[in-house]
Amino acid sequence: MPSTKPRTTRTAAAQRRKANAARSPQNGLSPRRSNKVSDYVALDIVRDIVSRNLKPGDKLPPEPEMLRQYQVSRSTLREAMRVLEVQGLVHSRQIGRAHV
């Protein structure tokens with residue numbers, strides 16, 4: 001026998017999914033995670049690459065210089081570089097030195 005209790009139009013889970021979809025990237029496949037400091041550093045590095053008109057194969061500054069420039073910890077800088085490497089924007093040939 002069907003329940004006489006009125007059905008709500010949206011369950012709590014459905015409301016969460018809708019809220020996450022509104023915040024997710026355009027493809028809507030995954031909820032958006034909060035930005036980390038390394039995400040902002042990666043964005044700054046990309047902006048610097050563009051503003052300096054660096055071409056593929058050009059060297060980025062050495063790690064100690066980038067640490068001073070972006071004023072972050074070594075682990076944060078390395079995580080930002082990994083983000084850019086996964087995206088195919090930079091690649092590391094040796095520790096502490098990367099190329100566009």
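The model is predicted, with local features requiring pLDDT of at least 70 and side-chain atom pairs pLDDT 80 or more, while totals for chains, interfaces and linings use all residues. Residues are numbered from 1 along each chain as its sequence is written, and side-chain values use heavy atoms, without hydrogens and water.

Helix α2 (residues 37-51) and helix α4 (residues 74-86) have axes that come within 8 Å and cross at roughly 65°. Helices here are DSSP runs of H or I with at least four residues; axes are lines fitted to C-alpha atoms over the stretch in contact, with angles from 0 to 180 degrees between N-to-C directions. In contact (heavy atoms within 4.5 Å), V37, D39 and I45 are among the α2 residues that meet α4, whose partners include T76, E79 and L84. The residues of this contact comprise 10 nonpolar, two polar and two charged.

On a 1 Å grid, a cavity is where a 1.4 Å probe fits but cannot get out, and a pocket is an open set with protein on both sides within 12 Å along at least five of seven lines; lining residues have an atom within 4 Å of a point.

| Space | Volume | Lining by class |
|---|---|---|
| Second largest pocket | about 170 Å³ | seven nonpolar, two polar, two charged |
| Largest cavity | about 40 Å³ | seven nonpolar, one polar, two charged |

Helix α2 gives the most to the pocket lining, with five residues. The cavity lining includes I45, D48, R52 and Y70.

Methods:
Helices (H or I, at least four residues) and strands (E, at least two) are DSSP runs, numbered from the N terminus. Ala, Val, Leu, Ile, Met, Phe, Trp, Tyr, Cys and Pro count as nonpolar, Asp, Glu, Lys and Arg as charged, and the others, Gly among them, as polar. Grid points are joined across faces, edges and corners, and a volume is the space filled by probe spheres set on the points.
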